[in-house]
Amino acid sequence: MQADEKELIARILDGHAEDFGYFLERYGQEAFAIVVRLVPQQEDAEELVQDAFVRACNRLETFEGRSSFSTWICRIAYTTAVSWLRKRRMKYLSIDDQPQLTDAEVDEAFDDESRIEELRCAITLLKPDEQTLITLYYYDNRPLNDIAYILDVEPNVLATRLHRIRRKLYLLIKHGKNY
Amino acid sequence: MEKTTKDRALMQALAPKEPRQLPSNFPYLTMRRIKEEQRMEEKRQQIFAMISIIVVSLVGISALLFFIGDVLWHSIVSIFKQPDAFALVLPTLFCLVFFALANHWLSRQYQTSSHGEGQTL
């Protein structure tokens, strides 16, 4: 975390709440990018990001600086979106792995650019934590430690999860929703 | 897990179809909500403090009445029986009312000025 951000946090905690605007300007879009993937409606996503920032502001004294502020706010935004989805009781597919499936088959499918649309549909069927994990890892290129912090899991389980998600995506594009 | 350079389709599928942005007034609206919530929280705390004061005062008065109620009553009655005593009681009552009003006015003045300073949004 930057030194001036630490100073800003100290000022906010000292009663200068208006300084929180800096964090909204700087990290709002980043948090929104995580939420909007899980919550497709723009208005709902905006409201959830707002909720996340309000919560962050109210609990700013709990921010210990162990992660960057960006990772911290992304974690709050993610948990806010997941609890919202839980309340809505959204249904996601859960698929039993197929041991006979080889990694080569999966790799080949993910390299086939004619399957982009199928992949897009398959991604929407993944659970929120799975969607967030593959997005943060493959698209945002975030370090595994940051991803583990955002998703509140141990970093050493991420490799296994990514592997499982790849297989699940493959099964979804191969057999469709009805798998 | 090693990132492969092969996952081209997956990368493209993960890219948003059209970039979605937060509205430009998002920081303003969020700051407004934060301020509003802080004001509500302050109000809640004030109400809680007031209720606590009332409860503690009632408990205190009840305890006084329970333990020394008779003595107090006899003292008051004896004061009113002596006309000279009014020379002391009336100015004291007047002072009490005056200080209560002054306290109320000053706290209102203080609240108005502190809200004025806080309105930077």
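**Entry 1: B:Pro83**

I began with B:Pro83, which sits in the loop between helix 2 and helix 3 (86-118) of chain B; helices here are DSSP runs (H or I, at least four residues) and strands likewise (E, at least two), numbered from the N terminus. I noted that the model is predicted, that local features need pLDDT of at least 70 and side-chain atom pairs pLDDT 80 or more, and that totals for chains, interfaces and linings use all residues. Residues are numbered from 1 along each chain as its sequence is written, and chains are lettered from A and ligands numbered from 1 in the order in which they are written.

Is B:Pro83 buried or exposed? B:Pro83 counts as exposed because it has 7 C-beta neighbours inside 10 Å. For this term I used C-beta atoms placed from the backbone: 20 or more others within 10 Å make a residue buried, 12 or fewer make it exposed, and anything in between is partly exposed. I also looked up B:Thr30, which is 53 residues from B:Pro83 in sequence and 66 Å from it in space, C-alpha to C-alpha.

**Entry 2: chain B against chain A**

I next examined the interface, in which 27 residues of chain B are in contact with 34 residues of chain A. Contact requires C-beta atoms, placed from the backbone, within 7 Å. On the chain B side, the elements giving two or more residues are helix 1 (8-14) and helix 2 (26-81). Helix 2 of chain B gives the most, with nine residues. By class, I recorded 14 nonpolar, six polar and seven charged residues on this side of chain B. Nonpolar covers Ala, Val, Leu, Ile, Met, Phe, Trp, Tyr, Cys and Pro, charged covers Asp, Glu, Lys and Arg, and the others, Gly among them, are polar.

**Entry 3: chain A and its domains**

I found nine helices and zero strands in chain A. Of its 179 residues, 35% count as buried. Among chain A contacts between residues at least 6 apart in sequence, 71% join residues at least 24 apart.

Chain A is divided into domain 1 (3-87) and domain 2 (103-175), with bounds from an automatic or database domain assignment. The domain centres, taken over C-alpha atoms, are separated by 25 Å. Their contact takes 11 residues from domain 1 and nine residues from domain 2. Which element gives the most to the domain 1 side? Helix 4 of chain A does, with seven residues.

**Entry 4: the core**

I then turned to the largest nonpolar core, which has 54 residues. Such a core is a set of buried Ala, Val, Leu, Ile, Met, Phe, Trp, Tyr and Cys residues joined through C-beta atoms within 7 Å. Its largest share, 10 residues, comes from helix 2 (residues 21-38) of chain A. Both domains of chain A contribute at least three residues each. A:Ala52 is one of the residues with the most contacts inside the core. Not counting residues up to four places away in sequence, A:Ala52 touches A:Ala31, A:Ile73, A:Ile76, A:Ala77 and A:Thr80.

**Entry 5: helix 8 of chain A**

In helix 8 (residues 144-151), I found A:Ile147, A:Ile150 and A:Leu151 buried. They lie on the same side of helix 8 of chain A because they cover an arc of only 90 degrees around the axis, the arc being that of the directions from the helix axis to the C-beta atoms. The buried residues of this helix pack against helix 4, helix 7 (128-139) and helix 9 (158-175) of chain A. A:Asp152 follows helix 8 of chain A, and its phi is positive, near 60 degrees.

Methods: Two residues are in contact if their C-beta atoms, placed from the backbone, lie within 7 Å.
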